[in-house]
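Okay, thanks for coming, everyone. Let me put the model up, and then I'll walk you through the parts I'd like you to look at.

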Amino acid sequence: IFLAQQLQRSQGVCRMSQSELRAERLALAKARSSTPPPKVTGSAGSGAAHLPSKSVPTPSPGAKATETKSLPSAGKPLPGFRVIYLTVFLDFFANGIILPVLQSHAKGLGASGFDVGLVFTAYSTAQIPGSFIFGRMSDFVGRRPVILVSLLMSTVTLAFTLAAPSLQHLIAARALAGFFSETSVCQAYVADQTTAENRAAALGHMGAFIGLGFVVGPATGALLGLFGGFDLAVKFTVVVTALNLLYAKLRLGESLGCSVPGQEPVPQAHADWKSYLRVLLKPVVTLVVIGQFAITLAFMGWDTTFALWARERLGYEQRHTGLAFAWLAIGFFLASWKTRSFAKKPANTFKGGIAGCGLMCAGLLCHRCIFSTLLALPPLFSIGFGYALSEIVFATLVSVHTPKTLQGSLLGSLSASQALARAVAPVVTGHLFDMAPMNTDFAYTTLAVAPAVAAAITVAAFAAMPVEKES
């Protein structure tokens, strides 16, 4: 019921825009009906009436018509948003299902501890080129084809994961799955159909579904693992992703070139590399990409080592660690949910970025004070809430300072920076633990520097923000 309410409220912006569009249509129809008919000219005895000639514009031979898509008729929620939110949810849900059973399956194939790390790192490493390539491609061929291909390959790579006969094949299957990840293209889809004012709220709704995937996925995977092991969990995931592909094929429309009420229609022109580099090298965009890398480095460094830390400090077993991550995911979801109420003004978005980075920094530093499960609850919630909040702010900042024709390219670049951080974070954090093996708090205290740097970058990004934002 809660998920259904979130989905219904997430369409509020679209319904509002459609109402404005319907009002404009009614006004235009009224203006046409009040226009007097053309006068009949000619003498009374001429026996023929002459109507004024109507000139029909003739297009030039070399002109090419540009078709601009419009929003659906009023009264219906925009189908694309529903499909995109469901797609993102199922993507993280599917990956969450695999996580609890993938490690034991890799060990069953003869993997060492280092090899298990490679299985997980392969996914993030392949995302680095994949996020940029498919984000850039979506600016040329449209969002819908790229998303459909990504969903198809997600199903195929899960089948490869299930059928992998050796550890090498398993690593290759996970790398292919990461390469075809479509999160940045889904963000571009949302950006195509929102204005700069309501984009943060829309991206926040997407983040809420990501948080739900984090909560439901691992719990489902653990449950399926108890009854049918790795095979049942992956088979279930293949069915879910296949159904998601079918639903998207039937319901997902194209967003590239959509006209948003209150903005000028954007033709489907394709920007060149020079335009892409010009936007990427804007001070605000460059700073945000660096800030996103820093905040993701801290989060993933903590995420990949918390189970080891909690076992040493609190004596946690696997089920305790799973519950701790579920609590963190609740903070992630609530941060994304809260975004819809404060993100309408740039000043509030700025405050959200500072608050998100600050909460992450405080959560990492407070690990020094954790000696029981009760004391662990506030820091874990703070990390989940802070990371989600800062992630939404950074994505919004990149999007509102990027032309419509480059949304996929720049959001793909931002996603690539996240993937790079996810790939190097386990190595960096593991090295920090090795530097002070007797001091379990040293690594997380050092990692807290990263969100502090991200907070300073947020301040610098807003200071570098031009007076005129995206029209």
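**Rings, core and helices**

Let's start with a contact you can find by eye: R136 has its charged end over the ring of W273, 4.6 Å from the ring centre. To count as sitting over a ring, NZ of Lys or CZ of Arg has to be within 6 Å of the ring centre and within 35 degrees of the ring normal.

Quick housekeeping. This is a predicted model, so bear in mind that local features need pLDDT of at least 70 and side-chain atom pairs count only at pLDDT 80 or more, while totals for chains, interfaces and linings use all residues. Numbering runs from 1 along each chain as its sequence is written, and side-chain values use heavy atoms, with hydrogens and water left out.

Now the overall picture. The protein chain has 17 helices and 0 strands; those are DSSP runs numbered from the N terminus, H or I of at least four residues for helices and E of at least two for strands. Of its 471 residues, 50% are buried, where buried means under 20% relative accessible area, exposed over 50% and partly exposed in between, with a 1.4 Å probe and protein chains only. Take the contacts (heavy atoms within 4.5 Å) between residues at least 6 apart in sequence: 84% of them join residues at least 24 apart.

So what sits inside? The largest nonpolar core has 105 residues, and the ones touching the most other members are I84, I147, W302, F306, M360, L364 and Y444. Helix α8, residues 199-251, gives the most to this core, with 14 residues. A core here is a set of buried Ala, Val, Leu, Ile, Met, Phe, Trp, Tyr and Cys residues joined through side-chain atoms within 4.5 Å. Staying with F306, if you skip neighbours within four places in sequence, its contacts are T321, A324, F325, H367, L380 and Y444.

On to the aromatics. Rings of Phe, Tyr and Trp (its six-membered ring) pair if their centres lie within 6.5 Å; planes under 30 degrees apart are stacked, over 60 edge-to-face, and the rest tilted. That rule gives 20 aromatic pairs. One of them is F89 with F93, stacked at 5.7 Å centre to centre with 10° between the planes. Both lie in helix α3, residues 79-108, 4 residues apart, or about one turn of the helix. And how do F332 and Y387 compare with the cut-offs? Their centres are 6.4 Å apart and their planes at 40°, so that pair is tilted. It links distant parts of the chain, with F332 in α12 (residues 318-342) and Y387 in α14 (residues 373-400), 55 residues apart. F332 and Y387 also belong to a cluster linked by ring pairs, along with F299, W302, F306, W309, F325, F433 and Y444.

While we're in α12, look at A329. A329 is buried, with a relative accessible area of 2%, and beyond four places in sequence it contacts G211, F214 and V215.

Last stop, α15. How far should its 29 residues, 407-435, span? At 1.5 Å a residue (times one less than the number of residues) you'd expect 42 Å, and the end C-alpha atoms are 41 Å apart, which agrees. Still, α15 bends by about 40° at V424, with a proline, P426, following within four residues. That bend is the angle between axes fitted to the seven residues ending there and the seven starting there. S417 is in this helix too, touching V289, Q292 and F293 if you ignore residues up to four places away.
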